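User: Can you walk me through the charged pairs and the surface of this one? I'd like to keep it quick.

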Amino acid sequence: MTIDMSMPGSSGLLNAVGKRNMNFFSNHYVLALTGAAGIGGFLFGYDTGVISGALLYIRDEFPAVRDNYFLQETIVSMALVGAMLGAAGGGWINDAYGRKKSTLLADLMFALGSIVMCAAGGPYILILGRLLVGLGVGVASVTAPVYIAEAAPSEIRGGLVSTNVLMITGGQFFSYLINLGFTEVPGTWRWMLGVAAVPAIVQFVLMLFLPESPRWLYWKDEKAQAIAVLEKIYDSDRLEEEVELLASSSMHEFQSDNTSYLDVFKSKELRLAFFAGAGLQAFQQFTGINTVMYYSPTIVQMAGFTSNKLALLLSLIVAAMNTAGTIVGIYLIDRCGRRRLALTSLSGVVISLVILAMAFILQSSSSLCMAAANGTCQGALGWFAVAGLALYIAFFSPGMGPVPWAVNSEIYPEAYRGMCGGMSATVNWISNLIVAQMFLSIVGLVGTGVTFLIIAGIAVLAFIFVALYVPETKGLSFEQVEQLWKERAWGSRGNCQSLLGAAP
């Protein structure tokens with residue numbers, strides 16, 4: 001098929017938003033690309049979730065870890081340091097070398113880090129392995145959403161990007177299964193941490209046979225290759241529209257490779273987009289999700305369930321709810337929209353965090369349970385805390401789980417998508433690191449109940465932020481999203497500037 005790759009006129013741009021009726025399962029090729037890229041999300045989830053159970057047994061093996069909260073927090077959070085560095089560099093790697101090569105690099109880091117952790121003879125070698133795995137997590141966290149978004153039709157883009165989040169939560173759930181399965185096996189935590197090398201190798205092999213992102217190829221002037229990929233995604237009528245939009249964008253976005261991080265702050269529309277995207281990523285972490293996922297067995301034990309095996313089993317239920325909630329989010333995100341889903345999610349998060357906080361506050365008040373000689377009151381409050389934990393996951397996972405990643409994969413212009421996505425993911429990992437490194441220390445300082453009340457207060461601030469600064473992007477093409485930011489930045493002048501920029 002021959003496509004006219006010249007600059008389309010304004011009528012072509014208007015027609016390029018024609019009927020869009022592709023459904024989630026209508027193109028198996030797109031699903032295959034999404035599934036393969038999503039293995040990076042699975043590894044992301046597995047390597048960040050597995051440490052919650054492994055830590056219980058690492059404490060038993062290494063006396064230096066057992067009585068040192070700071071060392072425990074460092075083992076957990078060193079992967080986050082690596083992820084922060086990997087995300088910061090991953091945006092540049094994505095733009096310079098492509099989404100495919102970035103994924104291959106992440107897989108190498110995953111595999112190497114898993115082997116180092118499995119063979120670690122002490123806590124500091126273990127920390128090194130966690131750093132290597134974290135580098136892979138950081139690169140994957142930038143690459144997978146962008147790769148999926150750039151291959152996805154706009155009307156199902158949110159659901160497909162959210163599939164990567166499903167892989168993350170699925171990886172966390174699987175890590176809990178592995179934790180539970182290896183509780184009686186010699187070398188328990190070594191198996192837990194070493195298994196992650198297997199899916200990394202699987203993804204590496206699969207990616208060798210998959211194409212580069214069509215938008216990245218077009219940006220790098222590999223137009224024939226880009227169109228060859230797009231032909232497998234769209235029918236002939238829709239293909240022509242998509243290539244018109246891509247050609248239009250390329251005329252005033254892709255002309256120069258001399259993009260810099262400072263450009264993000266010089267351009268008003270880029271500043272607004274980055275503020276919304278980075279703010280969502282920060283609030284995703286400061287509202288407590290990875291505190292719950294990293295420390296859920298520890299939180300369960302704080303609630304009075306002292307058995308390692310029971311703590312892991314209850315945490316497995318929490319992880320299963322996280323995965324199920326993400327499936328609900330995939331269904332809703334392209335129907336209800338990103339903004340409404342996030343606001344509903346945060347409303348429930350506030351309520352559930354207050355319930356969780358009250359359970360721990362009442363539990364710590366010994367006078368309330370003095371009459372219960374057999375500990376019945378404490379046991380009831382323990383289950384109340386677990387119920388609050390489950391309710392938190394039920395509200396968080398469909399909304400604030402997938403929405404930040406979906407929004408960040410679609411709100412930046414092509415020339416800055418990798419860069420801004422990497423910067424925003426770095427904000428996520430910095431926030432994640434702060435929370436993971438400080439959670440146990442804050443609990444020790446003010447108590448578990450007050451800690452969760454603090455997180456509830458942050459969730460209220462997150463609700464206000466989303467309501468004020470995050471626009472709806474449901475069903476919009478990348479070009480329409482770019483126009484949205486111009487209108488937010490300049491009002492009616494944004495339309496004028498767009499027409500002037502599109503003039504031949």
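User: Where does R338 sit, buried or exposed?

Analyst: R338 is buried, at 0% relative accessibility. Here buried means under 20% relative accessible area, exposed over 50%, and partly exposed in between, with a 1.4 Å probe and protein chains only. Keep in mind that this is a predicted model, where local features need pLDDT of at least 70, side-chain atom pairs count only at pLDDT 80 or more, and totals for chains, interfaces and linings use all residues. Residues are numbered from 1 along each chain as its sequence is written, and side-chain values use heavy atoms, leaving out hydrogens and water.

User: Which residue forms a salt bridge with R338 at 2.9 Å?

Analyst: D334 does, with the closest N and O atoms 2.9 Å apart. A salt bridge here is a side-chain nitrogen of Lys or Arg within 4 Å of a carboxyl oxygen of Asp or Glu. D334 counts as buried too, at 19% relative accessibility. E410 also forms a salt bridge with R338, again with 2.9 Å between the closest N and O atoms.

User: What does the pair of E410 and R338 link?

Analyst: Distant parts of the chain, 72 residues apart: E410 is in the loop between α19 (403–408) and α20 (414–446), while R338 is in helix α17 (residues 338–364). Helices are DSSP runs (H or I, at least four residues), numbered from the N terminus. Both E410 and R338 are buried.

User: How many salt bridges turn up in the whole structure?

Analyst: Twelve. There's also a network of them linking D95, R99, E150 and R417.

User: What about D221 and K223?

Analyst: Their side chains meet in a salt bridge, 2.4 Å from N to O. D221 is exposed at 54% relative accessible area, and K223 is partly exposed at 23%.

User: Switching topic: which residues form the nonpolar patch on the surface?

Analyst: F275, V460, L461, F463, I464, L468 and Y469, with about 640 Å² of accessible area together. Patch residues have over 30% relative accessible area and no salt bridge; nonpolar side chains (Val, Leu, Ile, Met, Phe, Trp, Tyr) are joined within 5 Å, like charges within 9 Å. Areas come from the Shrake-Rupley method with a 1.4 Å probe, and for residues only the protein chains shown count as cover.

User: Which helix gives the largest share?

Analyst: Helix α21 (residues 448–469), with six residues. F463 lies in that helix and is partly exposed at 32% relative accessibility.

User: Last one: what is A144 in contact with?

Analyst: Leaving aside neighbours within four places in sequence, A37 and N164, where contact means heavy atoms within 4.5 Å. A144 is found in helix α6 (residues 123–151) and is buried at 5% relative accessible area.

Key. Helix = DSSP H or I, 4+ residues; strand = E, 2+ residues; numbered from the N terminus.
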